Amino acid sequence: MERSLETQVSQAVDAWLRWLPRWEPATHRGRIAPCRRCFGSPVLSAAGLGSDVPHGVQHGLSTRIKTIVDHAVAVYTAQNLPMLQAELDQQAERNRARTYRPAENLEPEFEGLPLDPDPVPGAPFLFTIAGMAQEADAVVPDLPPLGPEAKAALRQEVGLADDYANMIGREICALLLRHRLRIQEGVTRYVEPQIAAMLDELTRSLDAPFGPGLDGADPA
């Protein structure tokens, strides 16, 4: 039996809250480009996760919510948009033919993130995961081309799917408003103490950049 949208959202928040105690601040260099999934997301706004919340915390929830939207659109497409469904089936078959699929079956906290770290100027990569995936994709034959009429019909169905996705997204945002309190409680309990500890450590390192007895002064 298909779960209601309200149940799916509640379960997604539950899963995110179970994961939240395992979150730790990133120690590597931050990315330059903002995450396209999370930056300016109305879902995160509805959940009360603003720009002061670390991206890793945001991404874990936004990806879980995206899964709900994707599933709803997939059901709608299968029932109402035959041309788009046929195109998606062909694309799925093509994807299964690829020998290397590093972006599949990832945990929600990592799904949708870049496969490789940002390059460091003057230190090029010998290879990248994204590059290897592109090489594997290049050997798979392209899908057969569509005629003008088929392209126009497909664009119309894609537009209908987008409209449905937006409608589902608005409903989910309304449902998330009911979970803002427990989402904030989770952030307060598990995230804010770690951020405060990082700031305290940074303050101590700035106050004593050389460590005791290493700045030329008498430690006594």
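Guide: Helices (H or I, at least four residues) and strands (E, at least two) are DSSP runs, numbered from the N terminus. The model is predicted: local features need pLDDT of at least 70, side-chain atom pairs count only at pLDDT 80 or more, and totals for chains, interfaces and linings use all residues. Residues are numbered from 1 along each chain as its sequence is written, and side-chain values use heavy atoms, with hydrogens and water left out.

Visitor: How many salt bridges are there?

Guide: Side chains of opposite charge can pair when their charged atoms come close. A salt bridge here is a side-chain nitrogen of Lys or Arg within 4 Å of a carboxyl oxygen of Asp or Glu. By that rule, the number of salt bridges is nine.

Visitor: How many residues apart in sequence are the parts that R178 and E6 tie together?

Guide: R178 and E6 form a salt bridge, with closest N and O atoms 2.9 Å apart. R178 sits in the loop between helix 6 (148-176) and helix 7 (180-207), and E6 in helix 1 (residues 5-19), so the separation of the parts they tie together is 172 residues.

Visitor: Is R178 buried or exposed?

Guide: Buried means under 20% relative accessible area, exposed over 50%, and partly exposed in between (1.4 Å probe, protein chains only). E6 has 45% and is partly exposed. R178 has 59%, so it is exposed.

Visitor: Which helix holds both K66 and D70?

Guide: K66 pairs with D70 in a salt bridge, closest N and O atoms 2.6 Å apart. K66 is partly exposed at 32%, and D70 is partly exposed at 38%. The two are four residues apart, about one helical turn, in helix 3.

Visitor: Which residues are joined into one network with R101?

Guide: R101 forms a salt bridge with E104, closest N and O atoms 3.1 Å apart. Salt bridges with shared partners link R101 into one network with R98 and E104.

Visitor: How are helix 1 and helix 6 set to each other?

Guide: Axes are lines fitted to C-alpha atoms, for helices over the stretch in contact, with angles from 0 to 180 degrees between N-to-C directions. The axes of helix 1 and helix 6 come within 10 Å and cross at roughly 60°. Under 35 degrees is roughly parallel, over 145 roughly antiparallel, 65 to 115 roughly perpendicular, and the rest oblique. Helix 1 and helix 6 are therefore oblique.

Visitor: Which residues of helix 6 make the contact?

Guide: Contact means heavy atoms within 4.5 Å. Helix 1 contributes L5, E6, V9 and V13. Helix 6 contributes I168, E171, I172, L175 and L176.
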